[in-house]
Amino acid sequence: MSKNIKFLGLLLTLIIIFIILLKGLNVSKDYSNEKLKSKIDFSLNAKKLFSDEIINISDLFDKNSPSVVNIWASWCAPCREEHQFLMKLKDMNINIIGINYKDSPKNAKNFLNSLGNPYSEVITDNDGTKSIEFGAIGVPETFIISGKTNEIIKKYIGPLTSENLIEIKNLLEENA
Amino acid sequence: MLKILKLILLLYFSFNFSYANEINTKVDQITKNLRCLICQGQSVYDSQSDFAVSMKLVVKNKIDEGKEEEEIYDYLKNKYGEWIVYEPELNQNTFLLWSIPLILFAFGGLLIIRKVSIK
């Protein structure tokens with residue numbers, strides 16, 4: 001009798017472990033914080049790339065409609081790839097704010113001079129701390145940020161693609 | 001006179017030094033509990049990646065601002081989600097994770113008590 005109970009106990013434990021592990025198989029292991037609706041601290045100050053002037057980042061955002069924020073660097077190859085798409089966004093009259101991540105001002109300016117400047121303003125982030133305020137983990141990353149609530153509406157980790165363009169345009173219109 | 005001046009300077013610098021040390025140990029302590037999101041298997045403390053270097057700086061700045069350890073974790077959880085900290089929160093999904101060791105502990109205790117009382 002006690003042998004039977006032991007066997008059943010063992011079986012039950014094994015079944016529970018099996019179910020837990022089976023459930024674990026379906027959990028996505030990709031790290032993604034795209035769903036996070038975190039607020040950006042608009043009281044942050046930053047230095048402009050072109051004029052060395054220190055400004056408050058709230059001045060860069062349109063208060064009534066969402067803006068696009070793009071974190072980039074001249075040393076980042078995927079940034080070069082996605083640049084054409086940023087230029088297309090600019091042609092759609094979209095406000096794009098650039099954050100130049102751990103870059104030399106000279107290289108950053110050369111990059112924009114040769115490939116075109118899609119940004120309404122570029123601020124510098126020499127030590128990477130401003131990008132952390134946006135919840136970024138690297139370059140390139142692109143955010144759609146509401147000017148009303150200061151919240152992140154959408155986040156793209158990695159370079160933008162042509163499919164993203166339509167999505168960004170729609171999101172901006174929806175949240176305008 | 002010169003000796004007194006030397007003493008004051010020495011005290012001043014040693015105080016400064018210990019203060020800086022204190023902040024650094026606090027930064028180390030906090031960053032050991034933070035997961036480096038782009039270098040899996042490493043903490044922010046262990047990693048020298050761009051992300052981790054900036055993160056250490058952010059933590060240091062927050063301490064300088066007078067933020068408490070918990071406030072810093074909350075700030076980063078708000079930015080990166082719960083995944084940034086090593087210790088999982090107690091919620092519906094992690095209930096089993098937190099309760100199973102306790103249940104096993106109680107079960108083990110019961111087994112021991114039974115064995116002892118049988119003898």
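**Group meeting talk: the chain A sheet and its surroundings**

I start with one residue pair: Lys47(A) stands opposite Thr124(A) in strand E5 of chain A. That pair belongs to the contact between E1(A) and E5(A), which run antiparallel and share two bridges. On terms, two strands pair if DSSP finds at least two bridges between them. Strands (E, at least two residues) and helices (H or I, at least four) are DSSP runs, numbered from the N terminus.

Before going on, this is a predicted model, in which local features need pLDDT of at least 70 and side-chain atom pairs count only at pLDDT 80 or more, while totals for chains, interfaces and linings use all residues. Residues are numbered from 1 along each chain as its sequence is written, chains are lettered from A, and ligands are numbered from 1 in the order in which they are written.

Now the whole sheet. Chain A has an open sheet of seven strands, in the order E2-E1-E5-E4-E3-E6-E7, with mixed pairing. Its edge strands, each pairing on one side only, are E2 (54–56) and E7 (152–157). From one strand to the next the twist averages 30°; axes here are lines fitted to C-alpha atoms, with angles running from 0 to 180 degrees between N-to-C directions. As background, strands of a sheet pair through backbone hydrogen bonds, either parallel or antiparallel.

E4(A) and E5(A) are parallel and joined by five bridges. There, Tyr101(A) has Asp125(A) in E5(A) as its bridge partner. E3 (residues 67–72) and E4 (residues 96–101) of chain A also run parallel, again with five bridges, and Ile71(A) stands opposite Ile99(A) in E4(A).

Is E5(A) buried or exposed? Four of the five residues of E5 (residues 121–125) are buried, so this strand is largely enclosed by the rest of the structure. Buried means that 20 or more other C-beta atoms, placed from the backbone, lie within 10 Å of the residue's own; exposed means 12 or fewer, and partly exposed is in between.

Next, the core. A nonpolar core is a set of buried Ala, Val, Leu, Ile, Met, Phe, Trp, Tyr and Cys residues joined through C-beta atoms within 7 Å. The largest one has 52 residues, and those touching the most other members are Val68(A), Val69(A), Leu89(A), Ile96(A), Ile145(A) and Met55(B). Contact between two residues means C-beta atoms, placed from the backbone, within 7 Å. Leaving aside neighbours within four places in sequence, Leu89(A) is in contact with residues including Val68(A), Ile96(A), Pro118(A) and Leu165(A).

Some backbone details in the loops. Val139(A) and Pro140(A) are joined by a cis peptide bond, with omega about -10°. Pro140(A) sits in the loop between helix H4 (129–133) and strand E6 (141–145) of chain A. Asp52(A), not a glycine, has a positive phi of about 60° and lies in the loop between E1 (45–48) and E2 of chain A. Asp52(A) counts as exposed because it has 9 C-beta neighbours inside 10 Å. Lys102(A) also has a positive phi, near 40°, in the loop between E4 and helix H3 (105–115) of chain A. With 17 other C-beta atoms within 10 Å, Lys102(A) is partly exposed.

Last, chain B. Here 13 residues of chain A are in contact with 15 residues of chain B. Chain B is divided into domain 1 (2–87) and domain 2 (91–119), with bounds from an automatic or database domain assignment. The centres of these two domains, taken over C-alpha atoms, are separated by 38 Å.
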